[in-house]
Every structure is written in C-alpha cells, then in structure tokens.
Amino acid sequence: MNPGNQGQASFEKILASIRTKLPIQNPLHGFVHNNVLQLFEGKDFHDAVREAGILYRANPYWPEQRYTDRFKEGKITEKDIFLAIEHYLGNYPAIPSLAMLGLSPKEFFYRLMFSELAFNDDDRARPYSPQPELLDSHLWDQCRRKMDGERLVLSRSPVKWRAKGYWEKHHNESFSLSIHPLVIRLISSYLDQGQSFWSNPFAEKGFWHFFRASLECTRDFATDWERVAAERLRSLRDRSPEEIIVLELSRKNIPEEVWESYLLEILFDLKGWAGMVNKLELEPWQATVKAPAIKLVDFLAALVVLEASIDDWHARAHSLDLTFIHGREETYELKSYQLALALYQITQSFKLDERWMQRFCGAELVRLIDEIDEAENLHRIRLWHEAYEHHYYREALEALSSHTQRARPRADLPSAQVLFCIDDREESVRRHLEEVDPDVRTYGVVGFFGVDMKFASLRSRRLVAQCPPVITPRRIVREVPQDPEHGVSFRKLHALRGGSDLSLYYNSRTLFRGFFSTIVLGVLSVVPMFSQIFFPRQSRVIAKKLLRLLSPSPKTELSIEQGEPGQGYTKKEMAQIVSTILKMCGFKAPVSTLVVLVGHGSSSSNNPFKQAYGCGACGGNAGIPNSRAFAKMANDPEVRRELALLGMDVPDETAFVSGFHDTCTDEFLFFDLENRPERHREDFERLRKNLKTVGERNAFERCQRFSSEEARASSAAAVKHVKERALDLAQPRPEYGHSSNALAIVGKRDLTRGLFLNRRSFLITYDWETEAGSDVLRNVILGAIPVCVNINMDYYFSCVDNDNFGCGSKLPLNLTSLLGVMTGSMSDLRIGLARQMVEIHEPIRNLTIIEAPLGRVREIFDGHPRLRNILRNHWMRLVVFDPETRTWWRFGHREFEVLELDLVPLRHFHDSTELVTKTQDDFAEIDA
C-alpha cells in the first residue's frame, strides 16, 4: 500500500482509538484513584479485562492457586460455586458440543473448575498441572485408537507482525536493553517539570524536534543501530510524524486493519510513559508546573522509527529478510498421542463412562477437545473469581439483612451531629465514636462537602482543585491572614525560605557548585538525618517548635465572599451548598446545637503516593479547606436566612465546627475555634475528649493488621506506633489506605449502626423518607458511587497483577521528571499502586447496597451513561433494599430480581476493641 491521504485519514481514526486504551494516570501531585481500565467499561467486565490483560501483558485475576487455597480454607464453598455458575450462565454459554458429554451446563462448568487438564500446550499450560497417571489401561487403549492419525493446532495467537519477539527468542537481542534506555532518557528529560537544573530549549518546539536533534548531536558517540536511526531520520527530514508512521508501516507490508494493534503493542512496551504523554497532551493543566508541547503522535513516531532502525540493523547483522519475519505464524500442534492423552483426561476429570466416546468419530472428538481447551482457558479462572466474590457478597448481605431485623431507629435529639467523609477508613472511626458517646449521631458525605473550589493556601499561591477529578471547580477560595501585617511578614519569610531551598536544590545538582555544597551540607545534615531515621517522632516535634519560633504562622481565615469574577460565592450559592449537604444527610428539625464537619487526609514521610492516601473527593488533598469553608458558610447569619427560604431551618444556637482526621496518625484537629460561641464550649470539649479516645481505639484496631507485636498490645502502644510510622523515612507502609474495600452502603445510619464492617465499607448517608422524588438520591449516588468504584478498581487491578497493572515494590522507586516514579534508575513510568499498598487487599468488585425505593434507584442508573455502563457490564454489583416493601432486590444480568436472604446468627461483642482482639470476622454486632 502506498501512503497517501487515505492512509493519513485512517491513521487519525486509529490514533483516536489508541488514546481510549492507554492507561489513565495523573502526575503524582494530583494522583487520585482511577479505574485504570475506565475506557473499557463499555464492555462486559470479564471480556474487557481479558482484552486489557493482553494489552497490559497482565493477569486480570489472581493465579488459580490462590482461589483453590481459599476453597480449602472455607472462603469459597460449594454453595458459592453453584451460585457463581448460575449467575455466570446468564451471560456465557457452555461449549457448543456440550451434548456430546451428556452434561448440563451447570455440571459442565462445575467439573471444569475441578478438572486437571494438561494438554501439553506449551504456550499456555499451567506450570503446576501434572501429567496424568495412566491407571486405566483399557481406557487409555480406547483413547489411543480414537485419536490415531488425528492432529489439532491449539494456538489461537494472532499473526506476529513485530520482529521484536523474533530477535529476543532466536537471537537473544533485547529491545528493553537497547531501545528503551534511550527512549526513557529522552522522554523523561523532555517532560521534566523542574528536577533538572537546565531548562528545556525544545519545550515549545515539540518532542519530535527534540528527538531528531538529540539523535543528530549524539551521532558520533552512538551505537551502530542508533547511527542507522540517525541516517533514517535524515532521509525523512521533510516528512511529518504522521507521514513517517504511515510510511514505515507500509514499508513492512503491515495490513491497515492491524495498524492499531501493532502500534498499541509498541506503545504498551512503555505504557506508563505513553499514558503520561497522552494525559499531558489532552490535559496540559494537569502538569506539575507546565506541560511542554508534547503530542502522542510525536512519541509514537519516535518509537516506530527506532524499532524500524533496529530491525534493519539486526536483519543486516544476521543476513535475514524482514519480509519473512513480519507476518510470521507461530503455532502449537497436538499430535495423536497428545490428543489421546487429552481425551483420557476429559473422561477422568469429567467423570464420564468410558463408553461415551464410542458414539463419535475422531474429528468430532478433536473438535470437542479444542472447545474444552478454549473453555478451560476462558471460563475456569472466571468461575473461581465469581465464586470468591459471591462468598463475600453473601456474607455481607446476610449480615446486613439479619442486623436490620434487630436495628431500631433513634428519634432522640443528639448531643452533636458529626459529618465524616464516606471513606472506608472512617467506618471504624464512626463506629468507635458511637460506642464511646452514644448520644452523638454520625453521617457520611462526600468529603469535599459540596464546595467545588480551587484553593490557594497562605503558604502557596498555586491553585489546587479541592473537588473530585470529574468536577471542574467553579470558584477560587484563598486563605488569608486575619492580621494583614503579620501575613505580609510571614509571606516574605516563607518566600525567602522557599527560594533558598530551591536554590540549594538546584546548586547541588550542578557540576562545581554541587561538589562544594555536597561537602559542606553533607556534614551539616548528618545530625538531622540521624535523628530523623532513629528518632522520627522526637525530631519532628523539635522541627515544629523551631519553625514556630522562627516563622510563627498567623491566624488565618478563608475568603469565601464573592469578589472579583470567579472569586468566592454569593450568599445564595453558599446556602445552596449547605442545603444540598444537609438534605443528603436527611437533617430534620430540630438540629443539634453542635455540628462538626470532619475532613480527612494523611501525613507520611518519603512517600511518592501521598496523594493516594488523601481524600479522593478533594483531588487527593486534605479536606481541611472544604471543611473550613463549609463551616464558615453554615455559620453565616445571611446564609441561615437563605437556608430558611430553601426549607432548611437551622436554629441560631447551632454552631458548625471545622475538623480534620489524620488517617495515618489518628489525630483530630479543629479550626477557627475563635468563631465558636462560648455557650458551646462544654459540648465541644466533651466531643474533643471523646474523639481523642476514638483516635486511640482506631489506632489499636488498625495496628491489628500491622506486623508489630508491640503495637498490637495496647492502645497507648498503638498510638505511639502509628505516629512514628507516619514520620519514619524508611516506612513503606505508613498506612494501608483503602486496602480490603469491598462495599458501599447508601442509607440511614440506622441500617448499619452497631454492625462491625471491618473497615471494608464506604458509608454514604441518605434518608429516603425526606424526599418524595429522587433529586437528593441522584446527588448522593452521582457524587459517591463512581468514586467508590474507581477506588475499588484501582486496588483490584494493582492487587491481581501488581507488576503490570500496579507499580511493583515501593522500595526501589525513584521520582522522575516530578511526574511519576520509575523502578530503579531506568524503567517505564509506573502506573497503579505499590505492592505495599495492596498486599492485604482482596480483589473483589464493589458491592453497592442502597436503601431506597427501587423505582428511584432504577431511574438514576438508567439515566446516567457511566452508571448504566458499570452496572450493566458488571464492573460493580448492586443490591437495593426497598424500605417501603421490605424487599431485597439484586441486579442480575439485565434486570433486578428478588433476592432471598437467610437470617444468620452474628457474633456479639461489647465493643470494637474487644472484637478485634478475639476474631478476624468481617461482620459482627456491637452491643455497646
């Protein structure tokens, strides 16, 4: 095919399709949880992850051995297996030739799960599958006679168009050792956001110009194949990157219908860098500082040219014709002996009478073997995963259903109402608080509290989006000093300190100044470094005291009033924000005199994934600004009057207080207390004291998952341990974050109060009785459920294959370009989560349970494209408890169906502290 306008037009469509398959990732400063395969959500979960697994060279499920181990441990039962098969059959039929076996579809899938088939397929055979012992000589003779002279090509691999695999397999020539170091050096240098001392002179010209200039200027020092690449670029001087890609594909005689898969395979050799290039081209504002002029097509053209050059060089070196390598087929064939062995295994594993095969000819049996081989590779692992999920889903639903039979709603006026984020880590905090102080009522709302803003702190002029990534911030809010003079002096001192730190950073990376600064500063930094490593908590206390002494922070407030265009909110907008959140919580008159809004975040040292431990609803940042802004809005008398017009009466004596929970140290902080009325001092101090106790208990519960025996001994030891853990420079596990998340429960707190959920559930408050329509429920679901699914999927994929969907161990990671991390000094830009963040996680898709009339829920999910996709394509599971009919409904394959649940006895404990020391159950009841 000759490249031309038609080829160019086809390439543009292909490039658009390629973008939809690249990993979704943000730079580390904005690292929030995404479903790395979000753009595959238009396909059924199992089909999508199979396709993605090929692209990512990853396993979309645990190894089969992990599931069979769970079966032996009782974490998967026979009941779970049959339930999983029944559910699975709704979407996937058994093999076409099933009638030959005389089995029902359920029997076939059940026996397939426990079969021991090893067909000698070298490309896909499970390494732990032993060859069968031929104990039945009569059956073996029958199988030999039936398969005499038969053959079967088992491999279903596509035609190999790249030469890469050929060079690696037959000539031990590794692309990852030749091309990748060069590409990584170039792209990391070009995208650098300030890690290097020198600025990028090609930042505005584009990566393609940078790539050509780099190969040209290093030509005299380059390897042989790099010189070939430089010559190739010289001959293509007048061609655009798009034209070069089309030309190179045409030279290799690659059919246009496989261009996309060919180019995707090249990009997925360095999928992390490709994903970041795509992100910065489409969303340049996501860059840490400023995105250079980067285009995916430039990066792709560079990869295509380099691969074509090294192919030519290898072909010359080995005297090979590339036309025999591009488009080659590699197949695996079973001969008659292996087919007889397969037939023997099918008869034994499926528990068939040996006479079953006599009714069929050899060709029919070969077709059956082929279908069973394909079914084993396609269905078997899926069924084990479905059974594993069903076990947890069944336990969760039976526990919740049984608990609701005994739960009693509370009608008394609480002493305080405390709003927490929906975060699963706050499930235990809310539980402990209700145990310590039964007069307090807790709620779960999305942690940005409806304040979608860009925020600038006193210490930084940079605007930070304090809202979920799917929301575009509407307003700018700034932190300002209460005393302007103190604020000016603080800013000057802070700017001086920041400028000196930056100057020191860059000077240490130059040749001569770096030598002298390292000698001087190396000696001076010995004592602080020694104390940070061996006495992290004490050194942090000393550092804070010195900072307060040398640069005392002024008292601040948030400027939320509407000023210049885009700055702040009107009173009506403030009232709308406050009203929306309070209605979501089902606030009814009378409101308690104290309402506390607890944002959350996480403090840790030397942690590239710090944003992933923060509040996802606040863009991975701490929720302090949102909590403070909401409290200030709600306390404003004018906003109160506007609230009354919206039907939300908040008494004058009610005070809103801003709080913050550090999920790593389990400490609670409060802000703007000078605005709190004096009459609330006693109630507030009681709550603050109780929250201190809650933090101690929560730390103790969290420490049961850590390996430190000392930390598990008492609450005091646990508190000390979590604080030191947060400050330890060598600690790869400051906290476990969202590990083990599996549920999202939307409903009244009465539904779950007193039920131990083992920190595995997002808790979202919604009172179905407070509205006749579905507007509030729509806001609740749209604001929370996609976030929960994103977090769940991020942990799922990083858990099942951490090397390919995640980013491997934290220990050898190094920051690169101020954008992401590499393993060691030279690797692909890593995606997903670190191994230490998911090592205790169980990969289960999110089960969302909603307490609301079924019609409301159905209307919302049917009316929203993404919700409809993730539900109908089974990226999540949905169960609805209709409180009007007291009926449980489960979404099956295409529609809701009534769910019958057994009542189960739950273990009872006096409080959570007693429970976590005596059992590891996921569900139990607290009698406090």
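## Domains

The model is a predicted one.

Take domain 1 and domain 2 as a pair. In the contact, domain 1 supplies nine residues and domain 2 supplies eight.

## Helix 25 and helix 26

Helix 25 covers residues 681-703, and helix 26 covers residues 715-727. Their axes come within 8 Å of each other. They cross at roughly 80 degrees. An angle of 65 to 115 degrees counts as roughly perpendicular, so helix 25 is roughly perpendicular to helix 26.

Which residues make the contact? Helix 25 brings E696, A699, F700, R702 and C703. Helix 26 brings S715, A718, V719, H721 and V722. By class, this contact holds six nonpolar, two polar and two charged residues.

## The largest cavity

How many cavities of 30 Å³ or more does a search of the whole structure find? It finds eleven. The largest cavity has a volume of about 190 Å³.

The lining of the largest cavity is made of 19 residues. I24, Q25, F31, I831 and G832 are the ones nearest its centre. Twelve lining residues of the largest cavity are nonpolar, five are polar and two are charged.

## The second largest cavity

The second largest cavity holds about 100 Å³ of space. Its lining consists of D424, R425, R702, R705, F706, E735, Y736, G737, S739 and R759. Six of these residues are charged, two are polar and two are nonpolar. R702 is also one of the residues through which helix 25 contacts helix 26.

Where does the second largest cavity lie? Domain 1 (31-60 + 736-928) and domain 4 (414-479 + 569-733) both give residues to its lining, so the cavity lies between these two domains.

Note on methods:
Residues numbered from 1 in each chain as written. Predicted model: local features only at pLDDT ≥ 70, side-chain atom pairs only at ≥ 80, totals over all residues. Heavy atoms only, no water. Axes fitted to C-alpha atoms, helices over the stretch in contact; angles between N-to-C directions. Helix = DSSP H or I, 4+ residues; strand = E, 2+ residues; numbered from the N terminus. Parallel < 35°, antiparallel > 145°, perpendicular 65-115°, else oblique. Contact = heavy atoms within 4.5 Å. Nonpolar A, V, L, I, M, F, W, Y, C, P; charged D, E, K, R; others polar. 1 Å grid on protein atoms, 1.4 Å probe; cavity = no way out; pocket = protein on both sides within 12 Å on 5 of 7 lines; lining within 4 Å. Points joined across faces, edges and corners; volume = space filled by probe spheres on them. Domains from an automatic or database assignment.
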